[in-house]
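Here are some notes for a first look at this structure. Keep the 3D view open and follow the points in order.

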Amino acid sequence: MSLKVMLVYPNLRGMNMLPPAIGLLSSVLKEAGFTVKLFDTTYYEKLDDDHAEADSDQMKVDKLMARPFKMPQEISLKTTNVFNDFVKECRSYNPDLIAVSATEDMFLLGVKLIRSLGKDRPLTILGGVFATFAPKLALSYPEIDIVCKGEGEVALRTLCERLSKGERYDDIGNLWIARKDGSIKVNPTGMVDMNANPRIDMSIFEEARFYRPMGGRVWRMFPVETHRGCPYKCAFCNSPSQMKMYKEEEGKSYLRRKTFENMRRELLFYKDEMKAEYLYFWADTFFSWKKDEFEEFADMYEDIKLPFWCQTRIETVTLERFKRLKDIGCARISFGLEHGNEKFRKEALDRPVSNDLMVKNFKIVNEVGIPFSVNNIMGFPHETYELAFDTIRINRQIDSSDRNAYAFTPFAGTPLRNECNRLGYTKETDIVHSIFVNGSLLKMPQFPQKKINGLLKTFNLYVKFPESRWPDIRKAEEDTPEANKIFQELKEEYVQKFWNSSAHDFENAANENTTGATISS
Ligand code: B12
C-alpha cells in the first residue's frame, strides 16, 4: 500500500481562485507514487463562529468593490458541519499524513480541523506563507508536528519517501520539526528548481472550484505561474520578506521565472484540456521581466487567444507595452496604489513613486482601453483619518473601472508587523484571522477601528460622488440603523449611476464577445 496523504485547504467561501500550491504538491506526490486526497472548505455554507456565513466575493460586491455576479446554479453549498465531515473523511481514508496549506488568516481554521480528530490523529505538516514566516509560532500549536519553511515540493516528497520507508525525517531541508521535549529541529532552507516541477494536478479539485467571478461574470478560470518573487519592497507585503529570507539563508535571488516552453505547455493544457475561458497570472508584479522578456512572452502567448487577468506596479506601464498587452488578450488588470499621500507612501510603506507619475500612467491604461481595478489599504500604523482622505482624493483622479479598499493587516514576517509589535498594537504571538469579517484589527488611538471601518464601507461613495455629497456620506460611515439606511440609499444611487450606465463600454463589449461560463457536470 502506498503512503496516503490528505491535503487540507482551509479557505473562506467566495475565495474562489484555486490554490496553485495544492495542485502542485498533489502532482509532486502522485508523480512519486503516493496516494493523495484533498479536503477543501471553500464551498461550506458556514465554517465556524469566527467566519459565520462569510462569503468574501459577496462582501466585495456589498462594499461596491466588485460587480454583482451570479454563480452557476450547479455550484451548491455544503450545509453539513465541516468538522464532522473532516473527521468522517479522515476515518474512511485513514491518511498517514495530513498536509495543510494555509495563509495566516486561515491557519486557525486548519488547527481546528486537526483538533477535531482528537488525540489519535495522523502526523501533520503545515506549509504556506504563515508557516514560512512564523514557523515557531505555528509549531507552538500541538496540532502541528512539522512546518515547511519556504518551498515545499522537494521537502514534502522527501518526507513522504522517508515515511513510507520508515526512515528518520528530522534532517530534511526546509522542515522544522517539533520534538517531544518541546524543542525544535531546524533544517536549512533551500529553493527548488521551478522548471523541474510537474504541471499542476487539476483532478484533485472538485469541478466547481474552476469557476470564479471577474468583472461581473463567472468564468472557467485557471491560475498560471510565470515568476516567483517580486523586486519591490512594500512594507505590508510578505513577498519582499521572502526575497530577503532566501538572500540571507541561501545567498540567491528568489526572483525567478519559468521557461517560456514550460509556460506554454501549461497554457495549452488549460486551454485544450481544461477548456479554460480565462487565465489568471498570479505573479505579484507581472512586469518583473528582464529586458526583452515581455516581448518574448507576448510572442509565445499570441496564439493562445484567451483573455487573462494580471497585476503589476503602475511604474511598469508604458504605452507600447500596454498596447501589446491588450493585443494578446489582457482583459483586466489590477494595480496596487495602497495610499494617496506621496510622503506617507514612501516613508511608511516603502513605495517611492510620485502621484503625478501614477495619475499619468493610469491615463495610459485608459488610453489603451484595458479595464483595471485599483487596490487601496486603510488603517496603517501612524495613519490618520485625514491622511486616508488623500487615498480617496487620488482615486478621484483615476478613471478605474473598479477600486477597493481593505483594512491594513499586520501579517507575520512583514516590516509593518514589526512596527505594530513595537507600537504595542500587536504581540509577537498574535495571529491575524477573520479579516474579512472584522475589518481593521489594530486599536490605534489616532485612527480608531470604527473610523477605519466606516471609511472602508463608504470608500467607493467618497471616490465617485461629488464633494457636495460628502456630508451625507459621512453620516453613512457609522454602523447604526439610521447610518445603514443612508448607506443603502447611496449604494442604490451608486449602482444606478456607475454600474448600470454605459461607463466602461469597452469592458462590456469585451465581455459580449465571449461566452459566459456554464457548468457541465
Ligand atoms: C495566488 C494567490 C492567491 C490566490 C490563491 C491563494 C492560496 N492560498 O494559494 C487567491 C486569489 C485565492 C488569494 C487570496 C488571498 N490572498 Co493571496 N496570494 C497569492 C499569491 C500572489 C501567490 C501564491 C501562490 O500561489 N504561489 C505559488 C505557490 C506554488 O506557492 P506558495 O503558495 O507560496 O506555496 C509554496 C510554499 O509556500 C509551500 N507550501 C504551500 N502550502 C504548503 C503545504 C504543505 C503541506 C507544504 C509542505 C508546503 C506548502 O510549497 C509551495 C510550493 O513551493 C501570494 C503572493 C506570493 N507571491 O506568494 C498572495 C498571498 C499568499 N495572498 C495573501 C493574502 C493576504 C490573500 C488574501 C487574504 C487576500 C484578500 N484580501 O482577499 C486571500 C486569502 C485567501 C486564502 N483563503 O488563503 C498574502 C498572504 C499573507 C499572509 N501572511 O497570510 C500573500 C502572501 C500576498 C502578500 N501580500 O503578502 N491569493
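This is a predicted model: local features need pLDDT of at least 70, side-chain atom pairs count only at pLDDT 80 or more; totals for chains, interfaces and linings use all residues.

**Notes for a first look**

1. Helix α15 covers residues 415-423, and its buried residues are L416, R417, E419, C420 and N421. Part of the cover over these buried residues comes from α4 (104-115). As background, an α-helix has 3.6 residues a turn, so residues three or four places apart point the same way.

2. Now the open sheet. Seven strands make it up, in the order β2-β1-β3-β4-β5-β6-β7, and the pairing is mixed. At the edges you'll find β2 (35-40) and β7 (184-186); each has a single partner strand, so one side of each is left without a neighbour in the sheet. On average, neighbouring strands here are turned by 20° against each other, direction ignored.

3. In general, strands of a sheet pair through backbone hydrogen bonds, either parallel or antiparallel.

4. Which helices lie on this sheet? Two to look at are α1 and α3. Helix α1 (residues 20-31) lies across β1 (4-9), β2 and β3 (97-101), and runs at about 175° to β1. Helix α3 (residues 82-93) touches β1, β2 and β3 as well, with its direction at about 170° to that of β2.

5. Within α1, have a look at L29. Is L29 buried or exposed? L29 has a relative accessible area of 0%, so it counts as buried, the cut-off being under 20%. Leaving aside residues up to four places away in sequence, L29 touches V5, F34, V36, L156, R157 and C160. As for F130, it sits 101 residues from L29 along the chain, and the C-alpha atoms of the two are separated by 22 Å.

6. Next, move to strand β12 (residues 278-281). Y278 and Y280 point one way while L279 and F281 point the other way, and all of them are buried. Strand β9 (residues 217-224) runs parallel to β12, with four bridges joining the two. Here M221 stands opposite Y278.

7. β12 also pairs with strand β13 (residues 308-312), again in the parallel sense, over two bridges. L279 has F308 in β13 as its bridge partner. To get from β12 to β13 the chain goes through α10, and this β-α-β crossover is right-handed.

8. That brings us to α10 itself and its contact with α9. How do helix α9 (residues 260-273) and helix α10 (residues 293-301) pack, and at what angle? The angle is about 35°, and the axes are 10 Å apart. The crossing of α9 and α10 is right-handed. From α9, the residues in contact are F260, M263, R264 and L267; from α10, they are E293, E296, F297, M300 and Y301. Sorted by class, this contact has six nonpolar residues, three charged ones and no polar ones.

Definitions and conventions:
Residues are numbered from 1 along each chain as its sequence is written. Side-chain values use heavy atoms; hydrogens and water are left out. Axes are lines fitted to C-alpha atoms, for helices over the stretch in contact, and angles run from 0 to 180 degrees between N-to-C directions. A crossing is left-handed if the near helix is turned anticlockwise from the far one by less than a right angle, and right-handed if clockwise. Contact means heavy atoms within 4.5 Å. Ala, Val, Leu, Ile, Met, Phe, Trp, Tyr, Cys and Pro count as nonpolar, Asp, Glu, Lys and Arg as charged, and the others, Gly among them, as polar. Buried means under 20% relative accessible area, exposed over 50%, partly exposed in between (1.4 Å probe, protein chains only). Two strands pair if DSSP finds at least two bridges between them. A crossover is right-handed if, with the strands pointing away from the viewer, the path from the first strand over the helix to the second runs clockwise.
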